[in-house]
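Q: I would like to learn how to read charged pairs and helices in a model like this one. Could you take me through it step by step?

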Amino acid sequence: MLQGRENVEERALFGYTEKVNRQSSTLNLIQMMSWELSDTMNKIAQNLEYCKDLTAFCALSETPGALDLPGAGIPFESLEFRQVSFRYPGTERDILKDFSLRLERGRHYAFVGINGAGKTTLTKLLTGLYDNYEGEILLNDRELRTYSQADLKAFFSVVYQDFARYQISLEDNIALGNVLQKDQTKIREAAEAMGLGQTIAGLPRGMETPLGKIKEQGVDLSGGQWQRLVIARALYNPAAVQILDEPTAALDPVAESGIYEIFGKISAGKSTIFITHRLGAARLADEIIVVDGGKVAEQGNHECLLSQKGIYASMYEAQRSWYQ
């Protein structure tokens, strides 16, 4: 009799425990589903916003000649901005306002100023990304808007801050600088000039090593190595004017100055434009242009601008400790 009662109690306890376990599992499942559902809905909302941008992008008209290859090299003599004003479509603020400046062949220029001063906008105008500016931009004394896209591609080689990291071989990454001709000797010279020789020697297949994680045996480079590579790509480009638009901003100021110094030596005698808000590279330029409020606020070499005790001098004093 006692044994039977114990069996009943055991079965009751087992049933109760099983019921509690089922309820706990159900609650855990509900909680898991609620979190996943919340996360999924959040991702859907984000993707819908991305789709709006993608839809607007797809609706844009294509610039005639946008897919044309660069044309034959045209000698560069001068570049002049005459009372140029510009605001981005759909905005009310002038990024450039009555901007006037003349650049000559064979000199190194540095455009400096705080973020948002209009430095990168100048690059976008020169490369034809926007042509709805007021005033005139004269390239070799000819209005910029009269050149074809192929001509502009031949004139300018640009390395942007958000540069492309192509998942192809290191050699082909540099070769993209000149899509009209692949010269392995010049490609290697550009790589060596930017200090990539040791990096290449350490890769399993040397220059032919695929970069990134997509292909088998692919190797990714460090941030600094990628930055040297994309500048080597610019060196391989035969364009008349080379523009570096803060491609080394992710590096510390001293490392950035080192890369710009190498580039400055390699490009001696060529026409170059550095765009930066850090002044280590600016000191290497023949002429520094301080952009403030959409205009040329100051202009001269490093020593001249320091003696003026203006915007450049203040910026330099604020950054002096970065280079010590």
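Q: Which residues are linked in a network of salt bridges?
A: Side chains of opposite charge can pair when their charged atoms come close. A salt bridge is counted here when a side-chain nitrogen of Lys or Arg lies within 4 Å of a carboxyl oxygen of Asp or Glu. Glu 80, Arg 82, Arg 102, Glu 104, Glu 136 and Asp 141 are joined in such a network, and the count by this rule comes to 16 salt bridges. This is a predicted model, in which local features need pLDDT of at least 70 and side-chain atom pairs count only at pLDDT 80 or more, while totals for chains, interfaces and linings use all residues. Residues are numbered from 1 along each chain as its sequence is written, and side-chain values use heavy atoms, with hydrogens and water left out.

Q: With which residues does Arg 87 form a salt bridge?
A: Arg 87 pairs with Glu 92, where the closest N and O atoms are 3.6 Å apart, and with Asp 94, where they are 2.9 Å apart. To describe the surroundings, a residue is called buried under 20% relative accessible area, exposed over 50%, and partly exposed in between (1.4 Å probe, protein chains only). Arg 87 is partly exposed at 33%, Asp 94 is partly exposed at 26%, and Glu 92 is exposed at 68%.

Q: What is the distance between the closest N and O atoms of Arg 107 and Glu 287?
A: In this salt bridge they are 3.6 Å apart. The pair links distant parts of the chain, 180 residues apart, with Arg 107 in the loop between strands E2 (96-104) and E3 and Glu 287 in strand E9 (residues 287-292). Helices (H or I, at least four residues) and strands (E, at least two) are DSSP runs, numbered from the N terminus. Arg 107 is partly exposed at 31% relative accessible area, whereas Glu 287 counts as buried at 16%.

Q: Which residues of helix H8 are buried?
A: An α-helix has 3.6 residues a turn, so residues three or four places apart point the same way. In H8, Pro 253, Glu 256, Ser 257, Ile 259, Tyr 260, Phe 263 and Gly 264 are buried. Viewed down the axis of H8, these residues fall within an arc of 165° (taken from the directions from the helix axis to the C-beta atoms), so they line one face of the helix.
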